[in-house]
Amino acid sequence: MSINLLKYIAVMITSFFLFLTTASLHTFAHPLSASYGELLIEDENIHLSFSIDELSVIESVSADQNGDEKLDEEELKEAQYAITDWVTVNLQVTVNNVAKRPNITSMFTEKRGDKMVVSFEIDYPIDSGTKTIQLTDHFYYKSPDKTSYTHFLVVKHKEEINEYLLKGENRSLSLEVKEETSGKEIVNTEAKAAWLQFLILGMEHILTGFDHLLFLLALLLARQKFKDYLKVVTSFTIAHSITLTLGYLGFISIPSWIVEAIIALSIVYVAVENIFRKTVHHRWTLTFLFGLIHGLGFAGLLMEMDIPKGHLTVSLFSFNVGIEIIQIVLVALVLPALIFLQRKANYLLIMKGTSIALAIIGFFWFIERIL
């Protein structure tokens, strides 16, 4: 056995354990805590309808008494004061640099898409006139846990509707409501343009979507002509673009756990095909079929959002472009290295060893997602 072969095997084994570590983090951490806000600015009142995923509440407040990872009506009632304190501490509204006291008029659980959330109706009385309004979200601020907490916020004032994504360490939105002779207008003084926010969200989503990335890697591992690689990437793009849009618009509705389980199986299927088939033909057709399911996985992040109809086309397009940018960059980086390795005599061993690792990870995710 040559030294080079030993090096390749060592790299393969190391990569395998790194993959397993990643799988564990992705499975047992709470990777996507999300909240949804609708801020209605009136002359003498700010009304915030706010919802946050049920698991975030359970993780942060001792409310789940029976340990079933759900909040029933009785548990919510018993923990209402602790939950109220948690929300008011982490969600703050100031007007002209003065913090406003929130008045939570109701708190309840409801289903949003296929996810349970805890919802709040909150009023902030204000004075009329020109004002600067700032909403600051401190949930999971500098949390040591692996999380990609995102606050999807829609701001409404008279006929104007805008959406914003608050994420990362800087989750503060400042709006100036100016008094004009023709009426009041909102001037956004901080946030990025909505299309840019959705573009960045799409890029981040694919980078943290390890299952999508491993599926793509499994597709590229087998020896193929360059035109076949191009067909694979193109068919995956077209397929997930179709179902991402149809899923958000509600034309296709499949429970997320089924979608996520099939995505995991898609990794297993392609990896097993790599192991046992000497050559692969027309892989783009298989990619298209599985890509339709992956598109529903991409759509899952957006389906709970209430994107204003006037911005819907641009927002969905930007999100999808963000996914494609990262996908193209990653393929451009990985494919030359794969083509180089495919010229080596021991590439078949490398490919099968990596495919075995991918199959194990995919199966691990599948079992976790159906239980």
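Predicted model: local features only at pLDDT ≥ 70, side-chain atom pairs only at ≥ 80, totals over all residues.

Reader: Okay, salt bridges next. How many are there by the rule you use?

Author: The rule asks for a side-chain nitrogen of Lys or Arg within 4 Å of a carboxyl oxygen of Asp or Glu. That gives seven salt bridges here. Take Arg283 and Glu273, whose side chains meet at 2.6 Å, N to O. Arg283 lies in helix α9 (residues 283-300) and Glu273 in helix α8, so this pair ties together parts that are ten residues apart in sequence. Those helix names come from DSSP runs, numbered from the N terminus: helices are H or I with at least four residues, strands are E with at least two.

Reader: Are Arg283 and Glu273 buried or exposed?

Author: Both of them are buried. Elsewhere, salt bridges that share partners join Asp211, Glu260 and Arg369 into one network.

Reader: Which side chains meet at 3.6 Å?

Author: Glu260 and Arg369 form that salt bridge, N to O. Since Glu260 sits in helix α8 and Arg369 in helix α11, the pair ties together parts that are 109 residues apart in sequence. Glu260 is partly exposed at 24% relative accessible area, whereas Arg369 counts as buried at 12%.

Reader: Now helices. Which residues of α6 are buried?

Author: Here's the general idea.
An α-helix has 3.6 residues a turn, so residues three or four places apart point the same way.
In α6, the buried residues are Asp211, His212, Leu214, Phe215, Leu216, Ala218, Leu219, Leu220 and Leu221. That makes nine of the twelve residues, so α6 is largely enclosed by the rest of the structure. The helix covers residues 210-221 and reaches 16 Å from its first C-alpha to its last, close to the 16 Å expected at 1.5 Å a residue. (The expected span is 1.5 Å times one less than the number of residues.)

Reader: And surface patches? Which residues make the nonpolar one?

Author: Patches take residues with over 30% relative accessible area and no salt bridge, joining like charges within 9 Å and nonpolar side chains (Val, Leu, Ile, Met, Phe, Trp, Tyr) within 5 Å. The areas come from the Shrake-Rupley method with a 1.4 Å probe, and for residues only the protein chains shown count as cover. The nonpolar patch, about 550 Å², is made by Trp257, Phe363, Ile367, Ile370 and Leu371. Helix α11 (residues 347-370) gives the most to this patch, with three residues. Trp257 belongs to helix α8 (residues 256-276) and is partly exposed at 48% relative accessibility.

Reader: Which residues gather in the negative patch?

Author: For charge, Lys and Arg count as positive and Asp and Glu as negative, with His and the chain ends not counted; each charge is placed at NZ of Lys, CZ of Arg, CG of Asp or CD of Glu. Glu59, Asp68, Glu69, Asp72, Glu73, Glu74 and Glu78 gather there on the surface. Helix α3 (residues 73-78) supplies the largest share, three residues. Asp72 is in the loop between α2 (54-60) and α3, and is partly exposed at 34%. Val61 lies in the loop between α2 and α3 too, but is buried at 8%.

Reader: Last one: backbone angles. What is phi of Asn96?

Author: Phi of Asn96 is near 55°, a positive value in a residue other than glycine. For Asn97, phi is near 70°, also positive and also not in a glycine. Asn96 is partly exposed at 41% relative accessibility, while Asn97 is exposed at 75%.

Methods:
Residues numbered from 1 in each chain as written. Heavy atoms only, no water. Buried < 20%, exposed > 50% of the residue type's maximum accessible area, 1.4 Å probe, protein only.
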